[in-house]
Amino acid sequence: MTDDERSGHGAGGRHAAGRTPDETSEGSVGASPDPGDPGEPTPPQGLPLPDPLTDTGRHALIEPDEVAPPLPPPDPLAAQAAPVAPVAPGDVRSGRVRRYAPLAAAAVVVALLAGLAGGWIGWTLAGQSVSAGALGRPLPQADPASAQLTPVEAVAEKVLPSVVLLKVEGGGPGEDEGSGIVLSPDGLVLTNDHVVSAAATGGTITALLQDGRAFTGRITGRDSGSDLALVRLDGAGGLTAADLGNSESLRVGQQVVAIGAPLGLDGTVTTGIVSALDRAVSVGGEQGGQATVLNAVQHDAPINPGNSGGPLVDLQGRVVGVNSAIASTGGSQGGSIGVGFSIPVNQARRVADELNRTGRATRAVLGVTVTGVGQPASGGAVVGQVTPGGPAAQAGLHPGDVVLRVADRPIADGDELVAAIRDHEPGEQVGLTLADRQVTVTLAGEPS
């Protein structure tokens with residue numbers, strides 16, 4: 001806004017100062033005739049008569065009831081020769097001012113009324129402009145069917161019916177909660193072993209679906225070594241099975257979506273990216289048992305306790321991982337810090353298939369133990385003991401050998417070696433790069 005707009009007027013808003021009606025400009029009093037001119041009457045003292053050649057109206061001292069002397073007829077030649085100058089406001093004779101005073105008063109009244117009307121119209125328009133703002137506009141029609149979904153919205157719409165909330169009550173006080181992935185319409189659900197382990201000795205499992213249905217579940221297979229388990233929902237039918245993807249196609253930086261029930265809030269959707277692949281993660285064993293080493297997909301989609309067992313999916317809505325663990329900064333209240341870990345779906349699918357067919361799963365083994373003694377600064381896993389007759393012994397490994405690579409995967413320490421071996425299947429041949437040579441081993445299998 002300019003200064004003129006703030007003051008309410010610009011340069012054109014200044015009012016011209018006109019003369020008042022009792023002021024007289026030059027030429028308003030006619031020139032007196034020469035007394036020596038013959039034939040001209042001598043005017044009375046103090047009352048000059050108007051000059052018919054210069055005055056066009058009555059003199060200011062002539063009252064309205066006096067009779068003015070007749071004006072001479074206009075000279076057509078003079079009218080053509082000299083243009084008539086416009087009359088300034090101060091040149092109007094008082095006689096005419098008085099004669100048109102009612103009209104002037106009426107004009108003033110009209111102007112005042114016009115001003116009031118303009119102000120009222122402006123005030124009304126201002127009120128309408130307020131009412132026509134955000135609060136005055138009607139809400140748009142809600143039409144979800146015609147709205148185009150974003151990629152994450154489409155993923156949520158597709159995957160949410162395939163995710164369940166699992167409530168587990170064990171023999172002790174309280175209850176555990178987690179998530180599960182529907183694998184079949186008749187109620188086969190994949191989840192983490194640590195979610196349902198409390199119900200393995202007589203507890204109960206209740207599964208809540210997104211559509212509000214609830215089913216009682218029972219464990220049909222567990223694998224603590226991979227932290228996976230299968231649950232069957234009794235009496236279930238018509239469930240929406242999830243689509244499984246291929247975790248080998250994941251790329252660092254790829255967008256992913258996590259779905260589950262963090263802190264019991266079922267149907268929660270979060271999004272992030274793949275932060276790293278083949279991340280060796282050691283998670284605590286149940287009740288002080290042996291730790292489980294996961295060959296995990298690291299991502300920053302926020303997950304919290306309760307997300308465990310739920311799916312990590314790509315933007316096509318295909319499951320690429322099973323959310324299983326998070327990193328924390330310590331303290332009694334752990335929460336998401338943007339570092340989550342998921343079991344690759346290829347590994348989870350193999351274990352789930354074995355659990356569904358046999359009730360137990362196997363895992364690939366190399367037949368060695370690892371030690372931190374003599375750990376080289378350049379990295380690698382130091383072989384401790386070698387199992388006689390095992391795959392490593394048959395390939396010629398000895399205690400003290402340093403494993404630098406499993407196939408094309410670099411090995412930084414002992415956890416990396418364990419995770420890399422578990423990423424393969426029993427019976428598979430794998431090349432090992434040692435510090436001084438290369439060997440090929442055929443991995444064995446053992447109950448997990």
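V322 is buried, its relative accessible area being 1%, where buried means under 20% relative accessible area, exposed means over 50%, and partly exposed lies in between (1.4 Å probe, protein chains only). The structure is a predicted model, in which local features need pLDDT of at least 70 and side-chain atom pairs count only at pLDDT 80 or more, whereas totals for chains, interfaces and linings use all residues. Residues are numbered from 1 along each chain as its sequence is written, and side-chain values use heavy atoms, with hydrogens and water left out.

V322 belongs to strand β12; helices (H or I, at least four residues) and strands (E, at least two) are DSSP runs numbered from the N terminus. With neighbours within four places in sequence set aside, V322 is in contact (heavy atoms within 4.5 Å) with I181, L190, N192, L228, G309, G310, F341, S342, I343 and A348. Its C-alpha atom and that of N307, which is 15 residues away along the chain, are separated by 9.3 Å.

## The chain as a whole

The secondary structure of the chain amounts to nine helices and 21 strands, and 34% of its 448 residues count as buried. Among the contacts in the chain with a separation of 6 or more, 61% are accounted for by residues 24 or more positions apart. The accessible surface, from the Shrake-Rupley method with a 1.4 Å probe and, for residues, with only the protein chains shown as cover, comes to about 25900 Å², and carbon and sulfur atoms hold 56% of that area.

## The nonpolar cores

In soluble globular proteins, nonpolar side chains tend to be buried together. A nonpolar core is here a set of buried Ala, Val, Leu, Ile, Met, Phe, Trp, Tyr and Cys residues joined through side-chain atoms within 4.5 Å. The largest such core has 29 residues, and those with the most contacts inside it are L190, L228 and V322. Helix α7, residues 345-358, gives the most to this core, with five residues. Apart from this core lies another one of 18 residues, which include A381, V403, V441 and L443.

L190 touches G180, I181, L183, L228, A229, L230, G309, V322, A348 and A352, when residues up to four places away in sequence are not counted.

Strand β6 (residues 228-233) is mostly covered, with six of its six residues buried. In a regular strand the side chains alternate between the two faces of the sheet. From β6, L228, L230 and R232 point one way while A229, V231 and L233 point the other way, and all of them are buried.

Two strands pair if DSSP finds at least two bridges between them. Strand β3 (residues 188-191) pairs with β6 in the antiparallel sense over four bridges, and A229 in β6 is the bridge partner of T191. Strand β5 (residues 214-223) also runs antiparallel to β6, joined to it by six bridges, with G217 standing opposite L233. The hairpin of β5 and β6 has four residues between the strands, and in this hairpin D227 takes a positive phi near 60°.

Strand β10 (residues 292-299) is joined to β13 by three bridges, and the two run antiparallel; strand β12 (residues 318-326) pairs with β13 over five bridges, in the antiparallel sense. G340 in β13 is the bridge partner of H299, and G340 is the bridge partner of I326 too.

The 14 residues of α7 should span 20 Å at 1.5 Å a residue, and the end C-alpha atoms are 20 Å apart, which agrees; the expected span is 1.5 Å times one less than the number of residues. In α7, V345, Q347, A348, R350, V351, A352, E354 and L355 are buried. Just after the helix, G359 takes a positive phi of about 85°.

## Two further buried sites

S247 sits in the loop between β7 (243-244) and β8 (255-260), and S247 is buried, with a relative accessible area of 11%. Residues up to four places away in sequence aside, S247 touches V320, P344, V345 and N346.

V402 lies in strand β17 (residues 402-406) and, at 15% relative accessibility, counts as buried. V402 touches P376, G379, G380, A381, V382, T433, L434 and A435, again without residues up to four places away in sequence. The C-alpha atoms of V402 and Q375 are separated by 8.5 Å, the two residues being 27 residues apart along the chain.
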